[in-house]
Amino acid sequence: MAGGNLTAVTEFILLGFSLRTGLRVPLFLLLLAIYLATLTGNSLIILVTTIDAALRSPMYFFLRNLSFLEIGFNLVIVPKMLQTLLVQDQVISFHGCAAQMYFFFFFGAAECCLLAAMALDRYVAICDPLRYPAVMARGPCARLAAASWLAGLPVATVQTSWIFSFPFCGPNRVDHFFCDSPPVLKLACADTSLFELEALTATVLFILFPFVLILGSYIRIIAAVVRSRSERHRAVSTCSSHLLVVSLFYSTAILTYSRPRADASPGSRKLLSLSYTVVTPVLNPIIYSLRNGEVKAAVFRALRRVGLGGQG
């Protein structure tokens, strides 16, 4: 009992999307197709950047880590969303909700830091090319990637454990398609103002601060390109894919988490969340493949190897 005659919540109900019955199956099929495309595309990026000798540079090392993060993002969010749409099983246990939120925070914070590491790689490659082999050697790159992954641990641990230490005494209906912090926090039967301050601090550290680093890197890159026109094509070709991914991810993440208990309607929050949990992960391999000749060539080489192997 949470006090009086209020019963402690042991499970939550994910309300998901407010849809007419006839729209559930088409949306399920669309999201399933996107989910499979995300797993396939990012797995292909991981495969070709691992086996192809031409893709052994730091840029592709970070890209491989990004693909692992995107797969993790999807595995945390999409299967439950598909289950809710297909069989209308909207129930998620208390501990299941906590686990989903934990790994969502973990992968999200790690991706913010990894995108900043990728911007640093492009900055050194274009603005200080003579020192690039030393600065972005295998050891420093591995440490940057490890730091990005480990950055997700404190924010996920602190945020999730704090949220689920609050009493939940009903209602238990989460107005979202996954256990995100703002809609779950609304159900807490306690004063959450101190947590909201901490969450705003975490947003600054793990979303806004990496974004400022990325912005600063590209300001320096643009300045270097303007000074040296011979580097313009190279800069555009190696940075445009990363800029597109950063724009897609950060624009929606900042709008969603700049205010923990945002006044935005649940519908707009769900659409924003769909962008960085479903749309961005499927677009990343497409963006890096279509806008990068080296990746396209590596994919074709890998497909030819598979074809030749099948013929043999």
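Let me start with the record. UniProt, in an unreviewed entry, lists "transmembrane region" for residues 27-49, 61-82, 102-120, 141-164, 200-223, 235-259 and 271-290. Keep in mind that what we have here is a predicted model.

How do those listed spans look in the model? Take two of them. Residues 27-49 are 100% helix and 0% strand. The end C-alpha atoms of that span lie 33 Å apart. Residues 141-164 are 96% helix, again with 0% strand. Here the end C-alpha atoms are 35 Å apart.

Now the whole chain. How many helices and strands does the protein chain have? There are 10 helices and three strands. Reading from the N terminus, the order is β-α-α-β-α-α-α-β-α-α-α-α-α. So much for the order of elements.

The protein chain has 312 residues, and 48% of them count as buried. Look at contacts in the chain with a separation of 6 or more: 80% of these come from residues 24 or more positions apart. The accessible surface of the chain is about 14900 Å². Carbon and sulfur atoms hold 68% of that surface.

The structure holds three cavities of 30 Å³ or more. The largest cavity has about 290 Å³ of space. It is lined by 22 residues, and the closest to its centre are F105, Q159, T203, I207 and Y257. Which elements give two or more residues to that lining? They are α3 (94-127), α5 (138-163), α6 (181-185), α7 (193-227) and α8 (232-257). The largest share, six residues, comes from α7.

Now the largest pocket. Its volume is about 200 Å³. Thirteen residues line the largest pocket, and R56, S57, F61, R64 and R138 lie nearest its centre. The most comes from α2, with four residues. By class, the pocket lining has eight nonpolar, two polar and three charged residues.

First up, N284. This residue sits in helix α9, residues 266-290. Is N284 buried or exposed? It is buried, because its relative accessible area is 2% and the cut-off for buried is under 20%. What does N284 touch? Leaving out residues up to four places away in sequence, N284 touches L66, E70, E111 and V245.

Next, S67. Find it in helix α2. S67 is buried too, with a relative accessible area of 2%. Leaving out residues up to four places away in sequence, its contacts are N42, I45 and I46. There is also a distance to check on your screen. S67 and G41 are 26 residues apart in sequence, and their C-alpha atoms are 8.6 Å apart in space.

Then S148, in helix α5. Relative accessibility is 4%, so S148 counts as buried. Which residues does S148 touch? Once residues up to four places away in sequence are set aside, they are A110, C113, L114 and A117.

Last, A53. This one is in the loop between α1 (21-51) and α2. Is A53 buried or exposed? A53 counts as exposed, because its relative accessibility is 60% and exposed means over 50%. Now look across to A298. A53 and A298 are 245 residues apart along the chain, yet their C-alpha atoms are separated by 9.1 Å.

To recap the residues. N284 is buried, S67 is buried, and S148 is buried. A53 counts as exposed. And once more, the model is predicted. That is it from me.

Terms used. Residues numbered from 1 in each chain as written. Predicted model: local features only at pLDDT ≥ 70, side-chain atom pairs only at ≥ 80, totals over all residues. Heavy atoms only, no water. UniProt positions renumbered as here; feature names shortened; annotations may be inferred. 1 Å grid on protein atoms, 1.4 Å probe; cavity = no way out; pocket = protein on both sides within 12 Å on 5 of 7 lines; lining within 4 Å. Points joined across faces, edges and corners; volume = space filled by probe spheres on them. Buried < 20%, exposed > 50% of the residue type's maximum accessible area, 1.4 Å probe, protein only. Contact = heavy atoms within 4.5 Å. Areas by Shrake-Rupley, 256 points an atom, 1.4 Å probe, with all protein chains shown as cover. Nonpolar A, V, L, I, M, F, W, Y, C, P; charged D, E, K, R; others polar.
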